[in-house]
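This briefing covers the aromatic contacts and the strand pairing. The sequence and structure come first, then the notes by topic.

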Amino acid sequence: MTPPPEQSSKQPGGHLTTRGFSYVNETGRAAFRRQPFVFPTGSIIVRERLLTPSSDPDRLVVMIKHEKDFNRKADGWEFLTVTGDRTKVLKREKEGNCLKCHASGSTNDFVFPLDQKN
């Protein structure tokens with residue numbers, strides 16, 4: 001889990017003017033302890049989008065690490081946008097805007113360090 005929610009305004013859609021926590025499953029947790037990041041297959045990273053510090057998430061942005069063959073351009077990563085109540089996948093991408101932004105973090109396995117505003 002990240003430090004307390006902070007506002008970010010770098011990317012449209014999933015990250016536009018957001019506050020929120022980020023979570024990683026047990027499979028990917030150790031990858032955050034060293035840089036550059038190298039996440040194993042099965043890693044899942046989830047970031048909440050909170051419109052105010054006290055609101056429930058209205059969206060979740062998710063990264064799932066598959067085998068490299070799943071998405072060679074993003075080293076296996078899949079990008080999803082999910083409703084805040086976790087009932088519907090709104091968008092599922094291998095490329096698109098998610099990859100355009102995360103490509104700038106390709107030396108860190110397409111994941112931004114927690115102290116980097118994104």
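Rings of Phe, Tyr and Trp (its six-membered ring) count as a pair if their centres lie within 6.5 Å; planes under 30 degrees apart are stacked, over 60 edge-to-face and the rest tilted. By that rule the structure holds five aromatic pairs. This is a predicted model, in which local features need pLDDT of at least 70 and side-chain atom pairs count only at pLDDT 80 or more, while totals for chains, interfaces and linings use all residues. Residues are numbered from 1 along each chain as its sequence is written, and side-chain values use heavy atoms, with hydrogens and water left out.

**Aromatic contacts**

- Phe32 and Phe37 pair edge-to-face, at 5.1 Å centre to centre and 70° between the planes.
- The planes of Phe37 and Phe39 stand at 65° with ring centres 5.7 Å apart, so this pair is also edge-to-face.
- One aromatic cluster is formed by Phe32, Phe37, Phe39 and Trp77.

**Sheet**

- Strands are DSSP runs (E, at least two residues) numbered from the N terminus, and two of them pair if DSSP finds at least two bridges between them.
- Five strands make an open sheet in the order S1-S2-S3-S4-S5, with antiparallel pairing.
- Strand S1 (22-24) and strand S5 (89-93) are the edge strands, each pairing on one side only.
- S1 is joined to strand S2 (residues 44-49) by three bridges; Val24 stands opposite Ile45, and Tyr23 has Val46 as its bridge partner.
- Six bridges link S2 and strand S3 (residues 59-65) in the antiparallel sense, with Met63 in S3 as the bridge partner of Ile45.

Conventions. Helix = DSSP H or I, 4+ residues; strand = E, 2+ residues; numbered from the N terminus.
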